[in-house]
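Thank you all for coming; I would like to take a few minutes to walk through one structure with you. Please keep the view on the screen open while I talk.

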Amino acid sequence: MNYPDEITYGNKADIISTVEFNHTGELLATGDKGGRVVIFQREQESKNQVHRRGEYNVYSTFQSHEPEFDYLKSLEIEEKINKIRWLPQQNAAYFLLSTNDKTVKLWKVSERDKRPEGYNLKDEEGRLRDPATITTLRVPVLRPMDLMVEATPRRVFANAHTYHINSISVNSDYETYMSADDLRINLWNFEITNQSFNIVDIKPANMEELTEVITAAEFHPHHCNTFVYSSSKGTIRLCDMRASALCDRHTKFFEEPEDPSNRSFFSEIISSISDVKFSHSGRYIMTRDYLTVKVWDLNMENRPIETYQVHDYLRSKLCSLYENDCIFDKFECVWNGSDSVIMTGSYNNFFRMFDRNTKRDVTLEASRENSKPRAILKPRKVCVGGKRRKDEISVDSLDFSKKILHTAWHPSENIIAVAATNNLYIFQDKVN
């Protein structure tokens, strides 16, 4: 892997909170804690430099969400972007959904390289002319101008969530999408902003009886009636909207029985699923909990078919991770384009890749200290105890403030985007 690019941001508001490639991989969007969306566009291959293709440059930056205040509940609503989801491109413009804790917005990103000139009722500055001075009829013409990229909000989907939105997912029918918070999942039509349809509601009549919350939700990539959602208890429910309007009763229930020998005070916390993703084929589900990534076959509910240890060396450190609140970090996981490799983040700016075919795994580091553009990444190893080799890092010297929670994989090529706090790294397979 090598670095074609590294983009650095400055202060707290610039901490990246989501990363997402569009369906072609030509665009890459990031959202941050300051409510901004930054879109990067991939450079086209030039005839002079055949292997230069792959670099991503800033295409558009816009403020998606502003801080708000809920006067009824005396609550501040953060502007932080929780998730971005692209819609498949239908015309020259691009469309994406972005959400903070309460409000989902549909944005249109379009290019303008021509401007109209020669109005009859207005002068060149745009001021209205006196009708008495108009003696001739002019035909307006389009003149070329410098390229402008405009982002305009087309829809605002608000006032439907009591709790914080953790997921949005576009349906394969491209007419609807869902938004999920801690206790409810709502189904929206892209054309209707003032009402949504509640498809899952796990809120108990008495909130003291609450035992679990929804942590992530996603639509099946090909079947518009099927979706999954994960819970803080480490379970996954597959629901079919054809079965009933309210999907409180699941179609399939995926759960791995707990090994009694591993039971501890932290078992419930670390079994909470932070991310769930369908494979591109739609055959498998991948889930990420605190220590592992699991792959489930849709046809087998009692246990995962693959389990990958992300950072098992932290099992002895759970007490201190609980004290510094790191045990509640929500790591994401992603598939590569062919579903053969999976990637997820860890601490110390490490991220992990697991090859499902060869069962090989690698730990790589995204950091400014050891990186220069086009430098080759060296695999990193963590030493748990005993003698430490020269190229290993001790588990006691890991930096838990440097964490990779958000990653994205190009839909068809080996290009990955890794968000390390307020730095965005883009890696690609080495081009000879």
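Predicted model: local features only at pLDDT ≥ 70, side-chain atom pairs only at ≥ 80, totals over all residues.

Let me begin with a sheet, which is open and has 4 strands in the order 16-17-18-19, with antiparallel pairing. Strand 16 (214-219) and strand 19 (252-254) are its edges, each pairing on one side only, and from one strand to the next the twist averages 20°. If you follow strand 16 to strand 17 (residues 226-231), you will find 5 bridges joining the two, and along this pair A216 stands opposite S230.

Strand 16 also takes us to the largest pocket, to whose lining strand 16, strand 2 (16-21), helix 1 (267-271) and strand 31 (415-420) each supply at least two residues. Which of the elements gives the largest share of that lining? That is strand 16, with 3 residues. The volume of this pocket is about 1,100 Å³, and among its 39 lining residues K80, F328, D329, K330 and L405 lie nearest the centre. By class, the lining has 14 nonpolar, 12 polar and 13 charged residues.

The second largest pocket holds about 870 Å³ of space, and its lining has 32 residues, with E20, H23, R85, E218 and H280 nearest its centre. Here the largest share, 4 residues, comes from strand 2, while by class this lining has 14 nonpolar, 12 polar and 6 charged residues.

Note on methods. Residues numbered from 1 in each chain as written. Heavy atoms only, no water. Pairing = 2+ DSSP bridges. Axes fitted to C-alpha atoms, helices over the stretch in contact; angles between N-to-C directions. 1 Å grid on protein atoms, 1.4 Å probe; cavity = no way out; pocket = protein on both sides within 12 Å on 5 of 7 lines; lining within 4 Å. Points joined across faces, edges and corners; volume = space filled by probe spheres on them. Nonpolar A, V, L, I, M, F, W, Y, C, P; charged D, E, K, R; others polar.
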